[in-house]
Amino acid sequence: MSLCKSYGKDKVIFATKEDHATPSKVELPDSEPRPGLILENGDINWNCPCLGGMAIGPCGNEFREAFSCFHYSQAQPKGSECYEAFSTMNECMRNYPGVYKQNLNEDEEDDNGAGVASMIADEGEEEDDVDDVPVKAESESNAVATKAK
């Protein structure tokens, strides 16, 4: 026989071997499948965590316009008529480098600087973030290392 004790907001249950010997009679309800990016009716799920908050950020409207254009595109190649929408989104992202650059750095590592993300990061850098330290060429650093030995 189990024993229950309450300590303020906490409730402690001591179970015996007999309590654990009988199978549980609790039945859990079937879980509903979580919707992904595209809902069953073909609409875009703007609340999908896979979008990383892009749909609600400072350029959320521009992102939704560009993404919707691409998703519903019938053109060949797909999305070819969406250039203007993506350009508008790109321009908006350049205006908020502090918000979008954090995600852009991860993209640069994945695709070695290719794509829209790297363009925004490269063109959207503010001068205050750049150090004025001269960078030595590889041959110069080797020469210095050789002389130091």
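Helix α2 spans residues 60-71 and helix α3 spans residues 83-94. Helices here are DSSP runs of H or I with at least four residues, strands are E runs of at least two, and numbering starts at the N terminus. The two helices pack at an angle of about 155°, and their axes lie 8 Å apart. Each axis is a line fitted to C-alpha atoms, for helices over the stretch in contact, and angles between N-to-C directions run from 0 to 180 degrees. α2 and α3 are therefore roughly antiparallel. The classes are set by angle: under 35 degrees is roughly parallel, over 145 roughly antiparallel, 65 to 115 roughly perpendicular, and the rest oblique. The crossing of α2 with α3 is left-handed, meaning that the near helix is turned anticlockwise from the far one by less than a right angle; clockwise would be right-handed.

This is a predicted model: local features need pLDDT of at least 70, side-chain atom pairs count only at pLDDT 80 or more, and totals for chains, interfaces and linings use all residues. Residues are numbered from 1 along each chain as its sequence is written, and side-chain values use heavy atoms, with hydrogens and water left out.

Which residues make the contact between α2 and α3? From α2 come Glu 62, Phe 63, Glu 65, Ala 66 and Phe 70. They meet Ala 85, Phe 86, Thr 88, Met 89 and Cys 92 of α3. Contact means heavy atoms within 4.5 Å. The residues of this contact divide into 7 nonpolar, 1 polar and 2 charged. Nonpolar covers Ala, Val, Leu, Ile, Met, Phe, Trp, Tyr, Cys and Pro; charged covers Asp, Glu, Lys and Arg; the others, Gly among them, are polar.

Now the core. The largest nonpolar core has 10 residues: Leu 51, Met 54, Ala 55, Cys 59, Phe 63, Ala 66, Met 89, Cys 92, Met 93 and Tyr 100. Such a core is a set of buried Ala, Val, Leu, Ile, Met, Phe, Trp, Tyr and Cys residues joined through side-chain atoms within 4.5 Å. Buried means under 20% relative accessible area, exposed over 50%, and partly exposed in between, with a 1.4 Å probe and protein chains only. α2 and α3 each supply at least two residues of this core. α3 gives the most, with 3 residues. Tyr 100 is in contact with Met 54, Gly 57, Pro 58, Cys 59, Gly 60 and Met 93, leaving aside neighbours within four places in sequence.

Next, the loop between α2 and α3. Ser 73 lies in this loop. Is Ser 73 buried or exposed? Its relative accessible area is 7%, so Ser 73 is buried. Beyond residues up to four places away in sequence, Ser 73 touches Lys 78, Gly 79 and Glu 81. Pro 77 is in the loop too. A cis peptide bond joins Gln 76 and Pro 77, with omega about -5°. Cys 82 also lies in the loop. At 1% relative accessibility, Cys 82 counts as buried. Cys 82 touches Cys 69 and Phe 70, not counting residues up to four places away in sequence.

Finally, the whole chain. The protein has 6 helices and 2 strands, in the order β-β-α-α-α-α-α-α along the sequence. Of its 149 residues, 17% are buried.
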